[in-house]
Amino acid sequence: MRSYSFCMLTAAAALLVPCHALSCPGLPELSNIPGLGGLLRLLSLPILPDTEFSDVLEDFRQRLSRLEGALTLKGKIAKAGEKIIASNGKKADFSSALESCEKTGGTLATPMNKEENRAILGIVEQYNSYAYLGIKENETSGQFEYMNGTPLNYTNWYQYEPNGKGTEKCVEMYTNGSWNDRKCNLYRLTICEF
């Protein structure tokens with residue numbers, strides 16, 4: 001197990017090395033700081049052009065923002081591919097659940113493959129509660145889509161579902177990982193993705 005000071009030094013180096021490579025104004029020459037110069041030379045990171053540095057920094061900011069959003073929920077957290085899945089254990093109707101996720105910088109959990117479905121299921125099982133998914137019925141009765149309007153590329157419907165025929169516009173996940181179309185005014189577990 002690494003010491004706290006080692007972890008902090010590594011984090012500081014990871015944040016400061018790109019700045020050092022670009023000679024950020026207002027910061028002293030980092031290689032002159034005792035101990036840090038050797039670490040920087042050991043890392044021997046290439047000097048990045050401004051455009052690449054901006055891309056790397058933007059990617060880092062997005063990842064940090066997703067993590068901050070997940071941590072504000074102070075509950076169960078899982079990872080699936082590039083997604084962070086999290087819940088604080090609270091239940092809400094569909095629109096309130098969606099709003100809660102958006103306030104923390106995410107959206108309702110939307111499984112797009114088996115791995116993501118399993119990650120969401122893990123949280124559903126921990127709370128032993130059905131959860132809303134980021135899937136809705138479109139204008140055509142019985143046709144479901146992601147919140148952004150694109151058609152589903154992965155489904156895990158329970159046998160004979162969906163069967164609401166226009167009366168059940170939202171989708172919930174059962175405690176076995178299968179899906180059911182359901183009315184949107186019921187209280188279900190809120191699970192967000194970032």
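Trainee: Which residues of helix 4 (residues 94–103) are buried?

Mentor: F94, A97, L98 and C101 are the buried residues of helix 4. Buried means under 20% relative accessible area, exposed means over 50%, and partly exposed lies in between (1.4 Å probe, protein chains only). Helices (H or I, at least four residues) and strands (E, at least two) are DSSP runs, numbered from the N terminus.

Trainee: What do the buried residues of helix 4 pack against?

Mentor: They pack against strand 3 (91–92), strand 4, strand 5 (131–137), strand 7 and strand 10. Contact means heavy atoms within 4.5 Å. Just after helix 4, G105 has a positive phi of about 90°.

Trainee: Before we go on, what kind of model is this?

Mentor: It is a predicted model: local features need pLDDT of at least 70, side-chain atom pairs count only at pLDDT 80 or more, and totals for chains, interfaces and linings use all residues. Residues are numbered from 1 along each chain as its sequence is written, and side-chain values use heavy atoms, with hydrogens and water left out.

Trainee: OK, new topic. In what order do the four strands of the open sheet run?

Mentor: The order is 1-2-10-4, with antiparallel pairing. Two strands pair if DSSP finds at least two bridges between them. Strand 1 (76–80) and strand 4 (107–108) are at the edges with a single partner strand each, so one side of each has no neighbour in the sheet.

Trainee: How many bridges join strand 2 to strand 10?

Mentor: Two bridges join strand 2 (residues 83–87) to strand 10 (residues 192–193). I85 stands opposite E193 in strand 10. Helix 5 (residues 114–127) packs on the sheet and touches strand 1 and strand 2. Its direction makes about 165° with that of strand 1.

Trainee: And I123, buried or exposed?

Mentor: I123 is buried, at 1% relative accessible area. I123 lies in helix 5. Leaving out residues up to four places away in sequence, I123 touches K76, A78, I85, A86, S87, L189 and I191.

Trainee: Switching to rings. How many aromatic pairs are there?

Mentor: The structure holds six. Rings of Phe, Tyr and Trp (its six-membered ring) pair if their centres lie within 6.5 Å; planes under 30 degrees apart count as stacked, over 60 as edge-to-face and the rest as tilted. W157 and W179 form an edge-to-face pair, 5.6 Å centre to centre with 80° between the planes. The two are 22 residues apart: W157 is in the loop between strand 6 (144–146) and strand 7 (170–173), and W179 is in strand 8 (residues 179–182). W179 is buried at 0%, whereas W157 is partly exposed at 21%.

Trainee: Which residues form the aromatic cluster?

Mentor: F144, Y154, W157 and W179 form one cluster.

Trainee: Last one. Where is the cis peptide bond?

Mentor: A cis peptide bond joins E161 and P162, with omega about -5°. P162 is in the loop between strand 6 and strand 7. K165 is found in the loop between strand 6 and strand 7 too. K165 has a positive phi of about 50° although it is not a glycine. K165 is exposed, at 69%.

Definitions and conventions: Axes fitted to C-alpha atoms, helices over the stretch in contact; angles between N-to-C directions.
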